[in-house]
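Visitor: Could you walk me through this structure, one feature at a time? I would like to learn how to read each of them.

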Amino acid sequence: MSDTVVIAPERFEEIAEQIAWKIDADLLGYEPDVFSSAFSRYRRIVAVMATGIVVRKIAPLLVDKWTDPAVVVVSPDMAYAIPVIGGHHGANELARELSLLGIRPVITTATETRGLRSVEGIAGDLEMQVINRPSTREVNAGILDGTTRVFRVTGPAVVLADGGVSFLVRRGQYSVGLGCRLGVTREEAGQSIKQALREAGIGTGDVMIYATTEKKCGETGLISAVESLGGNLIFIDDDTIRAQEPESPSEAGRIGLPAVAESAALAVSGRKELVMKKTVFGKVTVAIAR
């Protein structure tokens, strides 16, 4: 099954077939609940119909711009491709793909209308993803103003930054939250993390980021263990840790936090879903989210 679908009523079936063939998409006929079904199955949606119909149908389905599919409306005369939602999250690129059929993309996102790349676009170009998503509003505003700078930092390194800085990491589905006992060694931490990933059925290449509390920034054994796995470890501030809603009881109260592993994993995850609750492996506590 493709990650893209073209939806059209029967009267526009011929047009829809042309588009689906060109972009290697599935094809669905229009019916009252077709968008509800497509939202759960596809990452990109092309709708050949009036924009008003699409807006009314998808409005109750919208949850979050980072998880909703990209939706592009194509006018029935194949004149225009209009990104309705998810401009920075695939819809603009999809509209541009449709220009191969002579359909004019109508791009309205501020950065692209000025010939600039948004932080989401930069991440896509580099095959990476943004882990601190709220930062993109300020960063994109800076791109428009010409004040945003881009840095590539290679480790080992410590980066101190405020909320207006977007962090891009390699693409992956999972975030791994870590807690550890004082003085854990590289070998102990590495074995524990690998055991957790094995039990969860997750490869190291599927992990986008490892995270822990800033209170653990001096744990060189934990840091070097993550580095040996080819991963990046970030340290999360107390306010962000406290803003999460962990599912398991924790003894982190002794360091002034409600939890560490689960909260750290959730803080940098995409869907805010735990796939492994906090589990102790030797001297390391591990939680995994997506």
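Visitor: Let me start with a single side chain: is Arg117 buried, partly exposed or exposed?

Guide: Buried means under 20% relative accessible area, exposed over 50%, and partly exposed in between, using a 1.4 Å probe and protein chains only. Arg117 has a relative accessible area of 31%, so the residue is partly exposed. Before we go on, please note that this is a predicted model, in which local features need pLDDT of at least 70 and side-chain atom pairs count only at pLDDT 80 or more, while totals for chains, interfaces and linings use all residues. Residues are numbered from 1 along each chain as its sequence is written, and side-chain values use heavy atoms, with hydrogens and water left out.

Visitor: Which residue meets the side chain of Arg117 in a salt bridge?

Guide: A salt bridge here is a side-chain nitrogen of Lys or Arg within 4 Å of a carboxyl oxygen of Asp or Glu. For Arg117 the partner is Asp125, at 2.8 Å from N to O. Asp125 is partly exposed too, at 49% relative accessibility.

Visitor: How many salt bridges are there by this rule?

Guide: The count comes to 11. Another of them joins Arg43 to Asp3, with the closest N and O atoms 2.8 Å apart. This pair links distant parts of the chain, 40 residues apart: Arg43 sits in the loop between helix 2 (34-41) and strand 3 (44-48), and Asp3 in the segment before strand 1 (4-8). Helices (H or I, at least four residues) and strands (E, at least two) are DSSP runs, numbered from the N terminus. Arg43 is partly exposed at 47%, and Asp3 is partly exposed at 32%.

Visitor: What is the N to O distance between Glu273 and Arg290?

Guide: Those two side chains form a salt bridge at 3.2 Å. Glu273 lies in the loop between helix 11 (261-267) and strand 12 (274-281), and Arg290 in the segment after strand 13 (284-289), 17 residues away. There is also a network: salt bridges that share partners join Glu93, Arg96, Arg117 and Asp125.

Visitor: Let us turn to the fold. How many helices and strands does the protein have?

Guide: There are 11 helices and 13 strands. Of the 290 residues, 43% are buried.

Visitor: In what order do the six strands of the open sheet stand?

Guide: Strands of a sheet pair through backbone hydrogen bonds, either parallel or antiparallel. Two strands count as paired if DSSP finds at least two bridges between them. Here the order is 2-1-3-4-5-6, with mixed pairing. Strand 2 and strand 6 (104-105) are at the edges with a single partner strand each, so one side of each has no neighbour in the sheet. Strand 1 runs parallel to strand 2, joined by four bridges, and Ile7 stands opposite Leu28 in strand 2.

Visitor: Which residues of helix 2 are buried?

Guide: They are Val34, Phe35, Ala38 and Phe39. Among the elements covering them are strand 1, strand 3 and helix 3 (51-58).

Visitor: How many of the seven residues of strand 9 are buried?

Guide: Seven of the seven, residues 174-180, so strand 9 is largely enclosed by the rest of the structure. In a regular strand the side chains alternate between the two faces of the sheet. Tyr174, Val176, Leu178 and Cys180 point one way from strand 9, and Ser175, Gly177 and Gly179 the other way.

Visitor: Which strands pair with strand 9?

Guide: Strand 10 (residues 207-213) pairs with strand 9 in the parallel sense over four bridges, where Ser175 has Ile209 as its bridge partner. Strand 13 runs antiparallel to strand 9, joined by six bridges, and Val176 stands opposite Ile288.

Visitor: How many disulfides does a search of the whole structure find?

Guide: A disulfide is a covalent bond between the sulfur atoms of two cysteines. The cut-off used is a pair of cysteine sulfur atoms within 2.5 Å, and the search finds zero. For Cys180, the nearest cysteine sulfur is that of Cys217, 11 Å away, too far for a bond. Cys180 is buried, at 10% relative accessibility.

Definitions and conventions: Contact means heavy atoms within 4.5 Å.
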